[in-house]
Amino acid sequence: DSSADGDESSDSLDSQSESELEDGSPESGVSGDLEAAEESSLGEDIANGEDSGSESSDLHQEGAESDSSEDEVAPRNTIGDVPLKWYEDEPHIGYDIKGKKIKKKEKQDKLDSFLANVDDSKNWRKIYDEYNDEVVELTKDEIKLVRRLLKNQAPHSDFDPYPDYVDWYKWEDSKHPLSNAPEPKRRFIPSKWEAKKVVQYVRAIRKGTITFDKPKEEDGPYLLWGDDSGSTEKANHLAYIPAPKQKLPGHDESYNPPLEYIPTQEEINSYQLMFEEDRPKFIPKKFTSMRSIPAYENAMKDSFERCLDLYLCPRVRKKRLDIDPESLKPKLPSRKELKPYPITCYIEYKGHEDAVTSISVEASGQWMASGSSDGTVRVWEVETGRCLKRWEVGETVSCVSWNPLPNVHILAVSAGQDVLLLNTNLGDEEVQNRIKELLHIDSLTASDDSGDKTPSVSWLKDDKHVGLRLRHFKTVTAVEWHRKGDYFSTVMPTDILFEAVLIHQLSKKLTQRLPFKLHGLAVRSTFHPSRSIFFVCTKKTVRVYDLLKTKLIKKLDTGLREASSIAVHPGGDNLIVGSKEGKMCWFDMDLSSKPYKILKCHPKDINNVIFHRSYPLFASCSDDCTAYVFHGMVYSDLNQNPLIVPLEILRGHASSNGRGILDCKFHPRQPWLFTAGADKLIKLYCH
C-alpha cells in the first residue's frame, strides 16, 4: 500500500510539473532547472562528439528515471499480477528481484495481536501489505493525502484545480479562417432520422404511452344568480355546502294578481281568528301600477331572519352511495348446477288419525316408519305408499328410529316413559332368528352405575308387541342409534345431571349413564358418524364428549334462545343446530366454537334439521308449514369454507293447532325428502 501511495504521489507530482511546464510560468521549480540542465548537457555532448554524446544520453536517461521515481520504493515481491491465492499452500509468497523465495512470516495469534494493537498507540497508522507480507506505517504526509482524497479533493494541497486560462493563440494578426471547407449538404436537407423520431413520438402520443400535463383551466363565465346546488365545484374549505335557494315569487306576490287570488274581507277577518302560526304570511293586494306599490314593511326583518337561517341552521352533507343492490348479494352458483334436490310432492301417506310426530327411513330406503299422536306406529312401503304394519302403543309417540344396520329390522319407539324395541318381521328366516335373539330377555335386568338400589332403566319383555320395553323414570323425547346398531341413546328433559342422557347396549341389555355433568336441559343427542364422539345438545350449548377418554372435547356456544334439534354432517366436522326462534346455526368444529353461519329462514319454531348421507344436502322443517332445502358442500381443503346455498322451499302441509311440519327425513340413497305434518299427512318430495 505504501508503494501504491508513493506511485500516486509521484504521478501527481509529474502531472503538476507537466502542467507548470505547459503554463510556462516562471515558478516551474525543480522541473525548470532540470530542463535547463538537460539542454546544457545536450549542448556539451554535441560539442564533445559522438562518444561523449552517447554517454551523456545514458546519463540523461538515468537522471530522468531517478527524478521521476525518487520517492518510489521497489516492490520486494516480483510476481507481478499473479494472484496470491496461488501461494496459499506454499511456504513462500513469491520471489524477490534476485530470484530468491520470500518466506511467509509466522502469523501471530489473534489474541496476542489484539493485545499488541491495544498497547501500540500508532496502531491506527499501520497497514498490512499482503503482497509483500509486511506491515507499513503511514507517514503524516501520506495520512494528509488520504484525508484529502476522502474529501474528493486533489491529493496535493498546492495543486490548483481551476488555473487561469492562458490563450496561446494570437488573434490580432489572423486573416484567414481555420477551415475553408464549404458548408456541408446536410445543413440544408431535413434529417431523415429526425423525421423517424418524430413519427415514433406521434405514435406513442396516440397510443397513450406519452402523456402531457393538462393545462390549468381558467375560470370562465358562470351564472351569477344560477342554482349552484348541483355544482361539482368545491370551495377552499372542506365542508362547503351551498345555501338553499329562496322560494321564487308566484301569482300571490304579483302586484296585479288574478281576482281568484285576492281574498275577500270576510276571509281577511277569518285570518284574525287563526293562530299566528297558521295565518298566511302574505296577503295578495292589487295595484294599478308599479309606482303605486309601497315599500315592503318586513324587508329588514326577512333579511335578518334569512341571515340567521344561513348562519345558525346546521347543514350536514350526506354522502349518497350509489350501490347496486345486486352487487351486495353473494355470488352463488346457479340452482340448475346443484341438481338433484327435492322439488315436487310425489306421494302422500294417509292413515294416521292425528298429527304425525316422527318418521324414520330404513337403511335400504325401502321402508319407512311413522309415529303419531293417535298412539299408533305404522310401517310404510316407500315407493307404493302401502301401510305394511301397524302397532297400537296407547300413548303419544314422540320419536321412532330404525336400526342403521340393513339386516337388523328393529324399530325403536319412544312413547311416554317407555322405549319399545319392536320386531318389524321384515327379512328372511335367518334375519328373523338373529333379531329374535337380540330381543330375547329372560328376566328383569337393570343397570345403574351410581350404585343406587333403584335402577334408572328397567329392561322388560313386551309380550303384546313381541319385543322389549325399557321403562324410564321420565318421559323420553328422543332416541338415536349408533352407526354399528348395538348402542342407542335416549334423552329425557330432567334436572338430574347424570340421568338426562342414557346410553343403552342392545346385545348385553345394559344401560350406562354419561359420566359428565350437563349444565342445562338436554334437548337432543347424537353419535359421531365415524368416531367415538357423542354430541349432547342443550337449550344453550352443544357439548362434545369423547366416550373412550371420558372427557369433554369442546363446547359449542349457539347463541340461541332455545335449541330444538341437532344434526351432524356425514364427514363429522360440521353440524347444524335448529332453534325455536327460526334460526339455524352451522358449526365448523375445526374453525371455532362460535357458529360459522346463522341462517334466519323460518318465522316460527324449527322442529328438526337433517343432513343427507350421500348428497350435499340438508333441510329444516318448521311450524310455518314449510321445509327449506339447502345445498351444503363441505370441501376436503381446510382452507376453503363450506358452501351453503338455499335451493327450495317446500310447501303443501296445512297448519293444525298452530303446528306445521313436525319432522323431516332424507331418503338414504335418493335425493328425496319425507315430511310429517300436524295435518295427519306424510309427504314424499322428489327431484
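These legends go with close-up views of a predicted model.

**View 1. The largest nonpolar core.** This core has 21 residues, and I410, L421, W459 and F488 touch the most other members.

**View 2. Another core.** A core of 16 residues lies apart from the largest one. Its members include A619, L647, I661 and L673.

View 3. H92 sits in strand 1, which covers residues 92-95. Is H92 buried or exposed? Its relative accessibility is 5%, so H92 counts as buried, because buried means under 20%. Setting aside neighbours within four places in sequence, H92 contacts Y87, K101, I102, K103 and K104.

**View 4. A cis peptide bond.** The bond from K339 to P340 is cis, with omega near 10°. P340 lies in the loop between helix 9 (325-328) and strand 5 (344-349). Most peptide bonds are trans.

**View 5. N152, with a positive phi.** Most residues other than glycine have a negative phi. N152 is not a glycine, yet its phi is positive, about 60°. N152 is in the loop between helix 5 (140-150) and helix 6 (192-207). At 74% relative accessibility, N152 counts as exposed.

**View 6. K680, with a positive phi.** K680 is not a glycine either, and its phi is about 70°. The loop between strand 33 (673-677) and strand 34 (682-686) holds K680. At 39% relative accessibility, K680 counts as partly exposed.

Technical notes. Residues numbered from 1 in each chain as written. Predicted model: local features only at pLDDT ≥ 70, side-chain atom pairs only at ≥ 80, totals over all residues. Heavy atoms only, no water. Core = buried A, V, L, I, M, F, W, Y, C linked by side-chain atoms within 4.5 Å. Buried < 20%, exposed > 50% of the residue type's maximum accessible area, 1.4 Å probe, protein only. Helix = DSSP H or I, 4+ residues; strand = E, 2+ residues; numbered from the N terminus. Contact = heavy atoms within 4.5 Å.
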